Amino acid sequence: AVLERVGLLDVGNETVRAFSSGMQRRLAIGRLLLARPRLLLLDEPYSNLDQSGIELMNAIISEHAEAGSAAIVVVHEIAPAAEVLDRTLTIAGGRIVEQGEVEPTLMPFAASDR
């Protein structure tokens, strides 16, 4: 079921060494789903993902939050994650230099719709 959820059901019997970077990232997402953590700690979770992979990651983060859990997402580029973020912290030189809520202009729908 997890392989199907992350789009790898068709390659479930193949050697992971033959997987592309995006497929390896999807497999990592699958391992995360199996662990069922209450807190997701995600460092650059969108790297090597195509658009469908980005949508998958956002769906997983959203489902996790809707279930009452939390996620900390570290990104250099905010755009792929904008629809699932509630707050942001900008860190420079090891210090928080800015923090706030995600601006509605960065989100595909208004915060009131969430």
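**Start with the whole chain**

Follow the chain from the N terminus, and its elements run α-α-β-α-β-β-β. That gives three helices and four strands. Keep in mind that this is a predicted model. Now colour by burial: buried residues make up 26% of the 114 residues.

**Stop 1: two salt bridges**

Some background comes before the next selection. Side chains of opposite charge can pair when their charged atoms come close. How many salt bridges does the count come to? The count is two.

Select Glu63 and Arg5, and show their side chains. They meet in a salt bridge, with 2.7 Å from N to O. Glu63 sits in helix 3 and Arg5 in helix 1 (residues 2-5), so look at two distant parts of the chain, 58 residues apart.

Are these two residues buried, or are they partly exposed? Glu63 is partly exposed, because its relative accessible area is 41%, between the 20% and 50% cut-offs. Arg5 is also partly exposed, at 31%.

Next, select Arg26 and Asp50. Their side chains form a salt bridge too, at 3.4 Å from N to O. Arg26 belongs to helix 2, while Asp50 is in the loop between strand 1 and helix 3, so the pair ties together parts that are 24 residues apart in sequence. Arg26 counts as buried, because its relative accessibility is 14% and the limit for buried is under 20%. Asp50 counts as partly exposed, at 45%.

**Stop 2: the second largest pocket**

Rolling a probe the size of a water molecule over the atoms shows where empty space is left.

Select Val2, Leu32, Leu33, Leu34, Arg36, Pro37, Leu40, Ile60, Glu63 and His64. These residues line the second largest pocket. Which elements give two or more residues to the lining? They are helix 2 (21-35) and helix 3 (51-66). The pocket holds about 220 Å³ of space.

Now colour the lining by residue type. Seven of its residues are nonpolar, one is polar and two are charged. Glu63 is in this lining, and you have already seen Glu63 paired with Arg5.

**Stop 3: two backbone angles**

Turn to the backbone. Most residues other than glycine have a negative phi, and most peptide bonds are trans.

Stay with the pocket lining and pick Arg36. Arg36 is not a glycine, yet has a positive phi of about 50 degrees. Arg36 is found in the loop between helix 2 and strand 1. Arg36 is exposed, because its relative accessible area is 72% and exposed means over 50%.

Then move to Glu44. Glu44 is not a glycine either, and has a positive phi of about 50 degrees. Look for Glu44 in the loop between strand 1 and helix 3. At 23% relative accessibility, Glu44 counts as partly exposed.

**Stop 4: a nonpolar patch**

Select Leu39, Leu41, Ile72 and Val74. Together they make a nonpolar surface patch of about 380 Å². Which strands each supply at least two residues of the patch? Strand 1 (39-43) and strand 2 (70-74) do.

End on Leu39, found in strand 1. Leu39 is partly exposed, with a relative accessible area of 41%. Patch residues need over 30%, so Leu39 passes that cut-off at 41%.

Definitions and conventions. Residues numbered from 1 in each chain as written. Predicted model: local features only at pLDDT ≥ 70, side-chain atom pairs only at ≥ 80, totals over all residues. Heavy atoms only, no water. Patch = residues over 30% accessible without salt bridge, like charges linked within 9 Å, V, L, I, M, F, W, Y side chains within 5 Å. Areas by Shrake-Rupley, 256 points an atom, 1.4 Å probe, with all protein chains shown as cover. Salt bridge = Lys/Arg side-chain N within 4 Å of Asp/Glu carboxyl O. Buried < 20%, exposed > 50% of the residue type's maximum accessible area, 1.4 Å probe, protein only. 1 Å grid on protein atoms, 1.4 Å probe; cavity = no way out; pocket = protein on both sides within 12 Å on 5 of 7 lines; lining within 4 Å. Points joined across faces, edges and corners; volume = space filled by probe spheres on them. Nonpolar A, V, L, I, M, F, W, Y, C, P; charged D, E, K, R; others polar.
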